[in-house]
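Here are some friendly notes to read alongside the structure. Take them in any order you like.

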Amino acid sequence: MAGPKRELTLLDCFGLGINGIIGSGIFLLPAALQRRAGGQSPLAWLAVGGLCTLIALCFAEASSRTDRSGGPYRYAVEAFGPLIGFAVGWITMISSLLGYAAVARGFAEHAAFLVGGGESLVTLIVCVVVLVALLALVNIIGLKPSACTGDVISVVKVLGLVAFADLGLFHVRAAQLQKAPAPATGESPGLFAAAFAGLFACTGFEYVPVPAGETVNPKRAIGLAMCVSVIGATLLYALVQIVAMGTLPALGSSTRPLVDAARAFAGRGGADAIAVVASLSALGFCSSSAMVVPRYVETFAQDAFLPRILERRSARFGTPVIAIVGVSILTAILGATLDFDKLADVSNVAVVAQYVATCISILVWRTRDPGGSTFRLPLGPTIPL
């Protein structure tokens with residue numbers, strides 16, 4: 001079989017990074033961060049975003065050593081061998097699948113608000129299934145149409161969040177920024193607890209290296225796209241948190257914090273606009289997930305860790321059709337049966353495992369093949385550690 005075409009450009013990698021990071025998290029999690037850290041919640045975004053930036057730098061060095069697809073799974077296999085690679089690969093696939101399902105559920109919640117479906121379970125299930133099915137169809141048709149769709153959505157949602165922050169800053173009340181934490185039952189207070197809650201909204205940059213085998217000049221494009229996407233998203237999140245805290249007195253009890261904050265300073269029109277942006281944001285994340293998760297499955301099948309039938313590509317479209325369909329069915333089931341918070345918490349635990357493996361793989365590679373990377377982090381082992 002001929003290898004897949006290298007169709008993804010640097011712009012596509014940026015779109016993949018932005019869509020991977022900015023999904024439903026920033027639209028749903030500001031309330032949880034405010035409950036746990038109160039006035040320090042913007043610092044929680046900076047803390048977790050700073051940590052993810054260091055991890056993204058490690059991914060950038062790892063991606064400069066190989067142009068093969070697979071991302072964290074590929075790095076683990078090449079650094080530690082197939083046994084640890086197998087374990088990291090399963091964790092990676094589970095994390096990505098849960099993240100996809102979580103944001104599909106988040107999309108459904110905002111879409112139901114827009115169509116007047118409220119909290120109806122039937123409406124949520126229908127939204128999840130329709131979304132996943134449409135994205136599966138786009139991905140079966142081809143990689144480039146899916147990437148272009150993601151590029152457009154990434155621009156729209158970033159502009160929407162910037163507009164929310166710019167307009168909202170004029171309505172921020174300083175007294176609102178000093179509120180003490182008021183964690184809900186079962187939640188831990190403090191900056192660290194808030195940062196962990198925000199982790200879900202800062203992850204996703206690891207999607208960028210997964211289709212490396214289909215990327216033009218991956219050793220340069222992947223690292224640049226990951227690092228810029230994480231830094232930009234972190235700064236934007238901190239601003240959005242300040243606006244939400246300063247304009248919505250009951251932020252901690254809101255189920256749609258940015259929608260309610262926009263209603264507080266811009267009326268029903270502002271709330272509807274942010275609900276649209278939130279839905280598009282979730283759609284962008286799901287678009288990236290629909291592209292990336294089947295390629296995890298395909299790579300796993302190529303290494304004989306899953307049935308080889310899952311690596312088969314359509315003769316007509318050149319895409320891994322069977323993997324796409326299988327991932328879509330699992331995502332629809334999870335998104336229709338579990339709520340956003342449960343899916344996000346489990347995804348957080350799973351994603352940390354693949355981050356640790358990639359950071360350690362840097363140290364292994366440096367010992368085994370010191371000159372094998374085109375990009376090397378400064379300060380010796382400090383950043384990976």
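1. Which helices each supply at least two residues of the nonpolar patch? They are helix 4 (41-63) and helix 10 (218-247). Helices here are DSSP runs of H or I with at least four residues, numbered from the N terminus, while strands are runs of E with at least two.

2. Before going further, a word on the ground rules. This is a predicted model, in which local features need pLDDT of at least 70 and side-chain atom pairs count only at pLDDT 80 or more, while totals for chains, interfaces and linings use all residues. Residues are numbered from 1 along each chain as its sequence is written, and side-chain values use heavy atoms, with hydrogens and water left out.

3. Back to the patch: Leu43, Leu46, Leu191, Ile231 and Leu235 make up about 420 Å² of nonpolar surface. Patches are built from residues with over 30% relative accessible area and no salt bridge, joining like charges within 9 Å and nonpolar side chains (Val, Leu, Ile, Met, Phe, Trp, Tyr) within 5 Å. The areas come from the Shrake-Rupley method with a 1.4 Å probe, and for residues only the protein chains shown count as cover. Ile231 sits in helix 10 and counts as partly exposed because its relative accessibility is 41%; buried means under 20% relative accessible area, exposed over 50%, and partly exposed in between (1.4 Å probe, protein chains only).

4. Now look inside. The largest nonpolar core has 104 residues, and Trp45, Phe164, Phe205 and Tyr237 have the most contacts inside it. Helix 11 (residues 257-302) gives the largest share of this core, 21 residues. A core of this kind is a set of buried Ala, Val, Leu, Ile, Met, Phe, Trp, Tyr and Cys residues joined through side-chain atoms within 4.5 Å.

5. Leaving aside neighbours within four places in sequence, its contacts include Ile26, Leu33, Cys202, Tyr237 and Gln241; contact means heavy atoms within 4.5 Å.

6. Ser281 belongs to helix 11. With 0% relative accessibility, Ser281 is classed as buried. Beyond its neighbours within four places in sequence, Ser281 is in contact with Ile22, Gly23, Phe27 and Lys157.

7. On to charges: the whole structure holds eight salt bridges, each a side-chain nitrogen of Lys or Arg within 4 Å of a carboxyl oxygen of Asp or Glu. One of them joins Glu61 and Arg366, with the closest N and O atoms 2.9 Å apart. Glu61 is in helix 4 and Arg366 in helix 13 (residues 340-368), so the pair ties together parts 305 residues apart in sequence. Both ends are buried, Glu61 at 0% relative accessibility and Arg366 at 9%.

8. Asp272 and Arg268 form another bridge, their closest N and O atoms being 3.0 Å apart. The two are four residues apart in helix 11, so about one helical turn separates them. Asp272 is partly exposed at 25%, and Arg268 is partly exposed at 49%.

9. Finally, visit the loop between helix 11 and helix 12 (321-337), where Arg308 lies. Is Arg308 buried or partly exposed? At 47% relative accessibility, Arg308 is partly exposed. Its side chain meets that of Glu311 in a salt bridge (2.6 Å, N to O), and Glu311 is buried at 16%. Not counting residues up to four places away in sequence, Arg308 touches Ala301 and Gln302.
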